[in-house]
2 protein chains.
Amino acid sequence: MRILNEMLGGIEAGGTKFVCGVGTGPDDLKTATFRTTVPEETIPEVVAFFQKQGAIKALGIGSFGPVDLREESKSFGFITSTPKRGWGNYDLKGSIERALKVPVQFDTDVNAAIRGEVRWGGAVGLTDAVYMTIGTGVGGGAIAHGRIVHGLVHPEMGHLRLPHDRERDPFPGICPYHGDCLEGLACGPALQARWGKPATELGEGHEAWALEAHYLGLALVNILLTLSPQRIILGGGVMQNQFLFPIIRAEVVRMLAGYVRDPEILERVDEFIVPPRLGNDVGVLGALALAEEALEKAA
Amino acid sequence: MRILNEMLGGIEAGGTKFVCGVGTGPDDLKTATFRTTVPEETIPEVVAFFQKQGAIKALGIGSFGPVDLREESKSFGFITSTPKRGWGNYDLKGSIERALKVPVQFDTDVNAAIRGEVRWGGAVGLTDAVYMTIGTGVGGGAIAHGRIVHGLVHPEMGHLRLPHDRERDPFPGICPYHGDCLEGLACGPALQARWGKPATELGEGHEAWALEAHYLGLALVNILLTLSPQRIILGGGVMQNQFLFPIIRAEVVRMLAGYVRDPEILERVDEFIVPPRLGNDVGVLGALALAEEALEKAA
């Protein structure tokens, strides 16, 4: 285990807000939140926050996307093709790095989150684990052999193609690219569009949830069959409905149908599919864990 | 690059045949094939082959499954719950190791295959790549950051759940566990069951192939969104139909619908989805590459 007592900075850069944190870990974390408007407004607020906190040694950014993570690329560290005004083709890593003059490690929000759970949360000691967020969007990040899976670009697990029984659920899905991919069927706005009111106003007894758990269960089955993680962590706004967890777990076990017989899944599924132990700080603490990586790289 | 001139052994242990090879790599590979009957018959033949070839320094096995890959498990190196008579709960790694008295590295057949393509074939220099076999069964193995993805058990990509339009394709699928998972819809025996004759007798113009390419394309899209590989290699009996490659590539690009914009996929898809460069030797050469790992571990 690494022992670091350096002050670090972390930014969970989201489409709605930037959560900024300073500390050495969960115990002394100090955060502030800024609205995501346009870069000319948001970035100076973020920079001013870190400058006020005193010297940090390194900073991590877990960003909404899509982002460019290829270190050899001219747009490395950029947010690329987002429709969000002002942020398309924006050099997020560079802007922060130039203003704060510290090493910066940049990754997707979900990759940061799984890194945070491995460092301080519910995946400590694991080598292979997945974090998924189900909220305004759906996305996933993974660790394999202890390292964040990047590959050619970065995973985009929100857009998995799943069986969609249009007799049971005639809703066509809302993904502008794919219609009824996972995100198109199961993100928060899809719930609102399908049922005519926000997910927060659907009661626990609403038929929405069995369908939601079914789609999420299908997605987890596919991810499990592809990555074979030791644990799957589910966060994001939709998963604030804790009653979803047991339904999703039951769906995964039912749909695997005994094919993957590991006791971690069959007997201890309550510990296999879990909420983030870092709670709502998972994003910013994940960014802090990225800052540790930046420091190690710079050393 | 590792330079090894040691004589190594490799076994591609399949449900129909065991392909055994001896050599230092592709250039001096010498192989022999034995029918998979029962262990009491097949294993002595395999052992005798290696004893006749003279001293090998280490051996790799890429096995049909499911297998137990957890090194701390009592049944590590066993074939576990196969319905194949005599091979259920069989200590394949132990039997070979005790007979030949050399270090043995044991993995799934598809994990061996991707290791072989990374070592000597079409994935040399890549850190993240996938090998899929589409034949009697369907399976996939992956490398992430240069290491074989194992995780909790091992990937079982053959059983991905995919959209199945029963109006276009009323065939229910033949997977005894899941019905219409990828393997249930797209393996060789599924083709035979759906169309009433063996895949080898369906001509290139048969409507079977557009449907087959559609299911394989869906599976590759999901794998690509989960693992973000730099290349996907497709082998196995069904993929001997080389005319499938362009149709699968077109399906993948069409279904991604511009969401993943990397030029490797959009502009160079001919090099992104490819047959194994090692051809029919991919399995046994993959096992030989595992033997190198056994030797490095033992050193």
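Leaving aside its neighbours within four places in sequence, which residues is B:Pro163 in contact with? Here are some notes on that and on a few other features.

1. Ground rules. This is a predicted model, in which local features need pLDDT of at least 70 and side-chain atom pairs count only at pLDDT 80 or more, while totals for chains, interfaces and linings use all residues. Residues are numbered from 1 along each chain as its sequence is written, chains are lettered from A and ligands numbered from 1 in the order in which they are written, and side-chain values use heavy atoms, with hydrogens and water left out.

2. The contacts of B:Pro163. With those sequence neighbours set aside, B:Pro163 touches A:Arg161, A:Leu162, A:Pro163, B:Tyr215 and B:Leu218; contact means heavy atoms within 4.5 Å. B:Tyr215 is 52 residues from B:Pro163 in sequence, with 8.4 Å between their C-alpha atoms.

3. Its setting. B:Pro163 lies in the loop between β10 (147-148) and α4 (182-186) of chain B. Helices (H or I, at least four residues) and strands (E, at least two) are DSSP runs, numbered from the N terminus. The relative accessibility of B:Pro163 is 23%, so the residue counts as partly exposed; buried means under 20% relative accessible area, exposed over 50% and partly exposed in between (1.4 Å probe, protein chains only).

4. The symmetry. Chain B superposes on chain A by a rotation of 180° with 0.0 Å of shift along its axis, at an RMSD of 0.0 Å. The two copies are thus related as by a two-fold rotation axis. In chain B, the C-alpha nearest that axis belongs to B:Pro163, at 1.9 Å. Both copies use the same surface, as 100% of the contact residues of chain B recur in chain A. The superposition is by least squares on the C-alpha atoms of residues with pLDDT of at least 70 in both copies.

5. Strands of chain A. Strand β2 (residues 17-23) is largely enclosed by the rest of the structure, because six of its seven residues are buried. β2(A) pairs antiparallel with β1 (residues 8-13) through six bridges, and A:Gly10 has A:Gly21 as its bridge partner. Two strands pair if DSSP finds at least two bridges between them. Three residues separate β1(A) and β2(A) in their hairpin. β2(A) also pairs antiparallel with β3 (residues 30-35) over six bridges; there A:Lys17 partners A:Arg35, and a hairpin of six residues makes the link.
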